[in-house]
Amino acid sequence: MALNDNATLVIGSGNYLTAPVGTDIPTDLLVPVSPWETVGHTSLEEIFAIASEGGEATVIGSLQNKSLRTKYSTRTETMSFTLQQFDVKGLKLYYGANAPILADGSVGVPADPVPTSAAFLAVFLDGENVFGFYAPKAEIYRSDDLSFGDTESLAGLPIGVKPMTYGANSWTYAITPLGTVAATGATAGTPGIFVPAGSTAPYDLVDLDLVTADPKTAWATGQHVVLGDGSTAHWSGTAWVAGSAA
């Protein structure tokens, strides 16, 4: 792996956002538009953490080879941050989506809480670098007990975010890499390549709209490029089309 100075990260600021389940990641992480909305003020010191459970390894063997394979149990992960905004939305993230609003405007603590289901996005800024975690579906609920420790710092609500598999996805959350640039062109081949060299492939057919095909005439039979979601596409001469050229 080559050294890439632009792939290092020192967090300068950040934000946490939610949207309805299944909402796509924003095209511009710096300017997330509706239905994405921020959760509010969060801790400057306890910025973000990911804890995991499971993933234990079991060695499986045969009579001839006692260490033939290794099988891993399912691993679940929980993202966490500390919310410092005690408004209705913040309290419902902590106590449960079914926390009732009482007649006097206070928030009731439900006896049988239900986590908030939403798409989740964490965005961190480091100068011109933008780094993000995105889950199209997550369950959001308290990650620890509430505690007010002193009179000199902002109190906080420990929030946990459990990314879940959404639809036909084989993944629970995605991470945007640093030190890469988006592809601006695609050269025909079997498979073809994206340019400039080292650029990130468009995720799906929709994202190919900003990519210029080479050649601009219809690609030959079998030629295609491989997209970020594992699907293929080719240039018909007038538009990007799914699959290899026929």
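**Close-up views of a predicted model**

**View 1. Helix α1 and the residue after it.** Gly-96 follows α1 and has a positive phi, near 130 degrees. Helices here are DSSP runs of H or I with at least four residues, strands are runs of E with at least two, and both are numbered from the N terminus. This is a predicted model, in which local features need pLDDT of at least 70 and side-chain atom pairs count only at pLDDT 80 or more, while totals for chains, interfaces and linings use all residues. Residues are numbered from 1 along each chain as its sequence is written, and side-chain values use heavy atoms, with hydrogens and water left out. Within α1, the buried residues are Gly-90, Leu-91, Leu-93, Tyr-94 and Tyr-95; buried means under 20% relative accessible area, exposed over 50%, and partly exposed in between, with a 1.4 Å probe and protein chains only. The cover over these buried residues includes β6, β7, β8 and β9.

**View 2. The largest nonpolar core.** This core holds 25 residues, and Phe-81, Phe-120, Ile-159 and Val-161 have the most contacts inside it. At least two of its residues come from each of β6 (75–83), α1 (88–95), β7 (116–126), β8 (129–142) and β9 (157–163). The most, five residues, come from β8. A nonpolar core is a set of buried Ala, Val, Leu, Ile, Met, Phe, Trp, Tyr and Cys residues joined through side-chain atoms within 4.5 Å.

**View 3. The surroundings of Ile-159.** Leaving aside residues up to four places away in sequence, Ile-159 touches residues including Met-79, Phe-81, Leu-93, Tyr-94 and Ile-140. Contact means heavy atoms within 4.5 Å. A second, separate core has 13 residues, among them Phe-194, Val-225, Trp-235 and Ala-245.

**View 4. Strand β1 and its partners.** Seven bridges pair β1 (residues 13–19) with β7 in the antiparallel sense; two strands pair if DSSP finds at least two bridges between them. Tyr-16 has Ala-122 of β7 as its bridge partner. Strand β2 (residues 37–38) also runs antiparallel to β1, joined to it by two bridges, and here Thr-18 is partnered by Glu-37.

**View 5. A three-stranded open sheet.** The strand order is β14-β15-β16, with antiparallel pairing. Because β14 (225–226) and β16 (240–242) stand at the edges with a single partner strand each, one side of each is left without a neighbour in the sheet. Two bridges connect β14 with β15 (residues 232–235), and Val-225 has Ala-233 of β15 as its bridge partner.
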